[in-house]
Amino acid sequence: MTILDFAKYKQDRRKITLVTCYDATTASLLDETSVDAVLVGDSVAMTIYGFNNTLKADIPLMAAHTAAVRRGNKNIFLIGDLPFLSYRKGPKETLAAAGELLKAGASAVKLEGGDSVVLEAVKAMVPAGIPVMGHLGLTPQSVNGMGGYRVQGKEALAAEQILTEALSLEEAGCFALVLECVPRSLAKKITEKLTIPVIGIGAGKEVDGQVLVIQDLLGETRGPLPKFVRSFSNGAAQIVKGVENYCREVREGSFPSIKESYK
Ligand code: KIV
(Lines give C-alpha, C1' and ligand atoms only; values in the text may rest on other atoms or scores of the structure.)
Protein backbone atom coordinates (compact mmCIF):
# COMPACT_ATOMS: atom_id res chain seq x y z
CA MET A 1 0.00 0.00 0.00
CA THR A 2 1.22 3.50 -0.89
CA ILE A 3 -0.59 6.82 -1.05
CA LEU A 4 -1.12 6.08 -4.76
CA ASP A 5 -2.98 2.89 -3.84
CA PHE A 6 -5.27 4.88 -1.53
CA ALA A 7 -6.28 6.98 -4.56
CA LYS A 8 -6.61 3.87 -6.75
CA TYR A 9 -8.84 2.11 -4.20
CA LYS A 10 -11.22 5.07 -4.36
CA GLN A 11 -11.23 5.10 -8.16
CA ASP A 12 -11.89 1.34 -8.22
CA ARG A 13 -14.54 1.63 -5.47
CA ARG A 14 -12.58 -0.88 -3.41
CA LYS A 15 -13.08 -0.50 0.36
CA ILE A 16 -10.03 0.43 2.44
CA THR A 17 -9.56 -1.33 5.79
CA LEU A 18 -7.61 0.31 8.60
CA VAL A 19 -7.06 -0.72 12.21
CA THR A 20 -5.18 0.89 15.04
CA CYS A 21 -2.15 -0.88 16.47
CA TYR A 22 0.29 0.07 19.22
CA ASP A 23 2.71 -2.84 19.76
CA ALA A 24 5.08 -5.13 17.89
CA THR A 25 3.34 -8.43 18.71
CA THR A 26 -0.02 -7.34 17.35
CA ALA A 27 1.68 -5.66 14.38
CA SER A 28 3.35 -8.95 13.42
CA LEU A 29 -0.04 -10.72 13.51
CA LEU A 30 -1.51 -8.04 11.25
CA ASP A 31 1.08 -9.10 8.66
CA GLU A 32 -0.91 -12.35 8.39
CA THR A 33 -4.14 -10.45 7.63
CA SER A 34 -5.28 -8.56 4.54
CA VAL A 35 -5.74 -5.27 6.39
CA ASP A 36 -4.64 -2.39 4.15
CA ALA A 37 -2.99 -0.06 6.65
CA VAL A 38 -2.36 0.54 10.34
CA LEU A 39 -2.87 3.68 12.40
CA VAL A 40 -0.74 4.21 15.49
CA GLY A 41 -3.47 6.40 16.95
CA ASP A 42 -3.09 8.75 19.88
CA SER A 43 -5.90 6.57 21.25
CA VAL A 44 -2.86 4.69 22.64
CA ALA A 45 -3.17 7.07 25.61
CA MET A 46 -6.57 5.53 26.40
CA THR A 47 -6.27 1.91 25.23
CA ILE A 48 -2.76 1.17 26.52
CA TYR A 49 -2.21 3.76 29.25
CA GLY A 50 -5.74 4.02 30.64
CA PHE A 51 -6.17 7.80 30.40
CA ASN A 52 -9.71 9.03 29.79
CA ASN A 53 -8.76 11.07 26.72
CA THR A 54 -5.96 11.32 24.13
CA LEU A 55 -4.41 14.59 25.35
CA LYS A 56 -1.60 12.91 27.31
CA ALA A 57 0.00 11.47 24.15
CA ASP A 58 3.11 13.36 23.07
CA ILE A 59 5.74 12.92 20.35
CA PRO A 60 8.17 10.69 22.32
CA LEU A 61 5.27 8.36 23.21
CA MET A 62 3.89 8.29 19.67
CA ALA A 63 7.39 7.74 18.23
CA ALA A 64 8.05 4.83 20.65
CA HIS A 65 4.81 3.07 19.68
CA THR A 66 5.31 3.82 15.98
CA ALA A 67 8.78 2.26 16.16
CA ALA A 68 7.40 -0.80 18.01
CA VAL A 69 4.72 -1.35 15.37
CA ARG A 70 7.28 -0.93 12.59
CA ARG A 71 9.62 -3.48 14.23
CA GLY A 72 6.73 -5.94 14.33
CA ASN A 73 5.65 -5.33 10.76
CA LYS A 74 8.13 -4.20 8.12
CA ASN A 75 5.67 -4.02 5.24
CA ILE A 76 2.49 -2.32 6.35
CA PHE A 77 1.52 1.26 5.42
CA LEU A 78 1.74 2.88 8.82
CA ILE A 79 0.12 6.16 9.78
CA GLY A 80 1.42 7.88 12.92
CA ASP A 81 -0.92 10.24 14.76
CA LEU A 82 0.43 13.71 15.46
CA PRO A 83 -0.54 14.31 19.10
CA PHE A 84 -2.35 17.23 20.76
CA LEU A 85 -0.82 20.66 19.89
CA SER A 86 2.23 19.16 18.14
CA TYR A 87 1.20 20.70 14.79
CA ARG A 88 -0.12 24.00 16.16
CA LYS A 89 3.16 25.75 16.94
CA GLY A 90 4.15 26.75 13.42
CA PRO A 91 5.57 24.95 10.37
CA LYS A 92 9.04 24.39 11.86
CA GLU A 93 7.72 22.60 14.95
CA THR A 94 5.21 20.67 12.83
CA LEU A 95 7.95 19.41 10.51
CA ALA A 96 10.09 18.41 13.49
CA ALA A 97 7.19 16.50 15.09
CA ALA A 98 6.21 14.73 11.87
CA GLY A 99 9.88 14.02 11.17
CA GLU A 100 10.16 12.14 14.47
CA LEU A 101 7.26 9.88 13.49
CA LEU A 102 8.64 9.22 10.01
CA LYS A 103 12.08 8.47 11.44
CA ALA A 104 10.39 6.03 13.84
CA GLY A 105 8.91 4.17 10.87
CA ALA A 106 5.67 5.91 9.91
CA SER A 107 4.79 6.10 6.21
CA ALA A 108 2.45 9.06 6.81
CA VAL A 109 1.02 11.18 9.62
CA LYS A 110 -2.52 12.14 10.66
CA LEU A 111 -3.71 15.36 12.26
CA GLU A 112 -7.07 16.64 13.48
CA GLY A 113 -9.12 19.64 12.36
CA GLY A 114 -9.45 21.84 9.30
CA ASP A 115 -8.88 25.40 10.51
CA SER A 116 -6.25 27.75 9.07
CA VAL A 117 -3.48 26.56 11.43
CA VAL A 118 -4.05 22.93 10.44
CA LEU A 119 -4.12 23.82 6.74
CA GLU A 120 -0.82 25.67 7.16
CA ALA A 121 0.63 22.57 8.85
CA VAL A 122 -0.52 20.33 5.98
CA LYS A 123 0.95 22.76 3.43
CA ALA A 124 4.30 22.63 5.25
CA MET A 125 4.45 18.83 5.41
CA VAL A 126 3.22 17.75 1.98
CA PRO A 127 5.94 19.57 -0.04
CA ALA A 128 8.49 18.15 2.41
CA GLY A 129 7.48 14.67 1.28
CA ILE A 130 5.36 13.81 4.31
CA PRO A 131 1.99 12.29 3.35
CA VAL A 132 -0.80 13.65 5.55
CA MET A 133 -4.17 12.16 6.48
CA GLY A 134 -6.82 14.59 7.77
CA HIS A 135 -9.38 13.92 10.51
CA LEU A 136 -12.70 15.77 10.83
CA GLY A 137 -16.03 15.35 12.61
CA LEU A 138 -15.45 14.20 16.16
CA THR A 139 -11.82 15.14 16.73
CA PRO A 140 -10.93 13.64 20.14
CA GLN A 141 -8.07 16.10 20.78
CA SER A 142 -10.76 18.83 20.97
CA VAL A 143 -12.98 16.87 23.37
CA ASN A 144 -12.99 19.73 25.87
CA GLY A 145 -13.85 22.32 23.21
CA MET A 146 -16.63 20.10 21.86
CA GLY A 147 -18.18 19.52 25.28
CA GLY A 148 -17.66 15.76 25.19
CA TYR A 149 -17.64 12.88 22.73
CA ARG A 150 -20.71 13.59 20.62
CA VAL A 151 -21.92 13.26 17.04
CA GLN A 152 -20.76 16.23 14.95
CA GLY A 153 -22.35 17.94 11.94
CA LYS A 154 -25.98 17.30 12.84
CA GLU A 155 -27.07 20.89 12.15
CA ALA A 156 -26.93 22.29 8.60
CA LEU A 157 -24.36 24.97 9.47
CA ALA A 158 -22.03 22.54 11.24
CA ALA A 159 -22.37 20.04 8.37
CA GLU A 160 -21.50 22.77 5.86
CA GLN A 161 -18.41 23.67 7.88
CA ILE A 162 -17.18 20.05 7.94
CA LEU A 163 -17.67 19.80 4.16
CA THR A 164 -15.80 23.08 3.59
CA GLU A 165 -12.92 21.93 5.82
CA ALA A 166 -12.81 18.56 4.06
CA LEU A 167 -12.46 20.28 0.67
CA SER A 168 -9.76 22.58 2.08
CA LEU A 169 -7.79 19.61 3.47
CA GLU A 170 -7.97 17.91 0.09
CA GLU A 171 -6.81 21.10 -1.63
CA ALA A 172 -3.96 21.49 0.89
CA GLY A 173 -2.67 18.07 -0.17
CA CYS A 174 -4.04 15.43 2.24
CA PHE A 175 -4.06 11.96 0.64
CA ALA A 176 -7.02 10.71 2.71
CA LEU A 177 -9.45 11.87 5.37
CA VAL A 178 -10.81 10.21 8.51
CA LEU A 179 -14.39 11.21 9.27
CA GLU A 180 -15.47 10.36 12.79
CA CYS A 181 -18.94 10.26 14.30
CA VAL A 182 -20.99 12.23 11.77
CA PRO A 183 -24.41 11.50 10.29
CA ARG A 184 -24.33 8.96 7.48
CA SER A 185 -25.87 11.38 4.97
CA LEU A 186 -23.12 13.96 5.59
CA ALA A 187 -20.39 11.31 5.26
CA LYS A 188 -21.94 10.20 1.96
CA LYS A 189 -22.01 13.76 0.64
CA ILE A 190 -18.39 14.41 1.61
CA THR A 191 -17.28 11.09 0.12
CA GLU A 192 -18.96 11.99 -3.17
CA LYS A 193 -17.46 15.50 -3.26
CA LEU A 194 -13.89 14.51 -2.41
CA THR A 195 -11.47 12.87 -4.82
CA ILE A 196 -9.35 11.55 -1.91
CA PRO A 197 -10.63 8.52 0.05
CA VAL A 198 -12.76 9.09 3.13
CA ILE A 199 -12.21 6.57 5.93
CA GLY A 200 -15.14 6.43 8.31
CA ILE A 201 -15.48 5.62 11.99
CA GLY A 202 -19.06 6.07 13.09
CA ALA A 203 -19.81 7.63 9.68
CA GLY A 204 -21.95 4.91 8.09
CA LYS A 205 -21.11 2.71 5.16
CA GLU A 206 -21.22 5.12 2.21
CA VAL A 207 -17.53 6.04 2.67
CA ASP A 208 -14.41 4.65 1.02
CA GLY A 209 -13.20 2.61 3.97
CA GLN A 210 -13.42 2.00 7.71
CA VAL A 211 -11.13 2.29 10.71
CA LEU A 212 -11.64 0.85 14.19
CA VAL A 213 -9.60 0.69 17.38
CA ILE A 214 -8.19 -2.84 17.47
CA GLN A 215 -9.16 -3.60 21.08
CA ASP A 216 -12.75 -2.62 20.24
CA LEU A 217 -13.02 -4.78 17.13
CA LEU A 218 -11.42 -7.73 18.92
CA GLY A 219 -13.93 -7.42 21.76
CA GLU A 220 -11.30 -6.71 24.41
CA THR A 221 -12.69 -3.38 25.59
CA ARG A 222 -14.87 -3.51 28.70
CA GLY A 223 -17.50 -0.92 29.48
CA PRO A 224 -19.91 0.98 27.29
CA LEU A 225 -18.73 1.29 23.69
CA PRO A 226 -19.84 3.84 21.12
CA LYS A 227 -22.83 2.78 19.00
CA PHE A 228 -20.60 2.47 15.91
CA VAL A 229 -18.33 -0.25 17.33
CA ARG A 230 -18.84 -3.88 16.39
CA SER A 231 -16.80 -6.60 18.10
CA PHE A 232 -15.70 -9.21 15.57
CA SER A 233 -14.16 -11.50 18.16
CA ASN A 234 -14.60 -12.32 21.83
CA GLY A 235 -11.17 -11.09 22.94
CA ALA A 236 -12.06 -10.30 26.55
CA ALA A 237 -13.51 -13.75 27.20
CA GLN A 238 -10.53 -15.43 25.51
CA ILE A 239 -8.02 -13.52 27.65
CA VAL A 240 -9.94 -14.24 30.85
CA LYS A 241 -10.31 -17.94 29.91
CA GLY A 242 -6.62 -18.31 28.94
CA VAL A 243 -5.37 -16.77 32.18
CA GLU A 244 -7.85 -18.82 34.24
CA ASN A 245 -6.68 -22.04 32.52
CA TYR A 246 -3.08 -21.14 33.38
CA CYS A 247 -3.94 -20.39 37.05
CA ARG A 248 -5.88 -23.66 37.39
CA GLU A 249 -3.10 -25.80 35.91
CA VAL A 250 -0.44 -24.15 38.09
CA ARG A 251 -2.59 -24.76 41.18
CA GLU A 252 -3.36 -28.38 40.36
CA GLY A 253 0.30 -29.07 39.47
CA SER A 254 -0.14 -29.92 35.78
CA PHE A 255 1.90 -26.90 34.66
CA PRO A 256 4.82 -27.04 34.09
CA SER A 257 5.09 -30.66 32.92
CA ILE A 258 8.33 -32.69 32.55
CA LYS A 259 8.42 -31.64 28.88
CA GLU A 260 8.26 -28.02 29.93
CA SER A 261 11.15 -28.39 32.44
CA TYR A 262 14.96 -28.68 32.06
CA LYS A 263 16.88 -31.83 33.05
O1 KIV B 1 -6.41 7.79 17.63
C2 KIV B 1 -7.14 7.02 16.97
O3 KIV B 1 -7.18 5.82 17.20
C4 KIV B 1 -7.91 7.60 15.88
C5 KIV B 1 -8.91 6.72 15.19
C6 KIV B 1 -10.01 6.34 16.07
C7 KIV B 1 -9.38 7.28 13.91
O8 KIV B 1 -7.75 8.74 15.57
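Trainee: Is the crossing in which α4 passes α5 left-handed or right-handed?
Mentor: A crossing is left-handed if the near helix is turned anticlockwise from the far one by less than a right angle, and right-handed if clockwise. Helices (H or I, at least four residues) and strands (E, at least two) are DSSP runs, numbered from the N terminus. On that basis, the crossing of α4 past α5 is right-handed.

Trainee: What kind of model is this, and from which number does residue numbering start along each chain?
Mentor: The model is predicted, with pLDDT of at least 70 needed for local features and 80 or more for side-chain atom pairs, while totals for chains, interfaces and linings use all residues. Side-chain values use heavy atoms, without hydrogens and water, and residues in each chain's written sequence are numbered from 1.

Trainee: How are α4 and α5 oriented?
Mentor: Axes are lines fitted to C-alpha atoms, for helices over the stretch in contact, with angles from 0 to 180 degrees between N-to-C directions. The axes of α4 (residues 59-72) and α5 (residues 91-103) come within 8 Å and cross at roughly 20 degrees. Angles under 35 degrees count as roughly parallel, over 145 as roughly antiparallel, 65 to 115 as roughly perpendicular and the rest as oblique. The class of α4 and α5 is therefore roughly parallel.

Trainee: At what angle do α8 and α9 cross?
Mentor: Helix α8 passes α9 (residues 184-193) in a right-handed crossing. Their axes come within 10 Å, and the crossing angle is roughly 25 degrees.

Trainee: How far apart are the axes of α6 and α8?
Mentor: Here too the crossing is right-handed. Helix α6 (residues 116-125) packs against α8 (residues 156-172) at about 20 degrees, so the two are roughly parallel. The distance between their axes is 9 Å.

Trainee: How many charged residues does the shell around the ligand have?
Mentor: A residue belongs to the surroundings if one of its heavy atoms lies within 4 Å; Leu39, Lys110 and His135 are among them. Ala, Val, Leu, Ile, Met, Phe, Trp, Tyr, Cys and Pro count as nonpolar, Asp, Glu, Lys and Arg as charged, and the others, Gly among them, as polar. The shell has 3 nonpolar and 4 polar residues, and its charged residues number 3.

Trainee: What share of the ligand's accessible area does the protein cover?
Mentor: Polar side-chain atoms lie 2.5 Å from a ligand oxygen for Ser43 and 3.0 Å for Asp42. Of the 260 Å² that the ligand has on its own (Shrake-Rupley method, 1.4 Å probe), the protein covers 95%.

Note on methods. A polar contact is a pair of N or O atoms within 3.5 Å; within protein, one must be able to donate a hydrogen and the other to accept it, and residues adjacent in sequence count only if both atoms are side-chain atoms.
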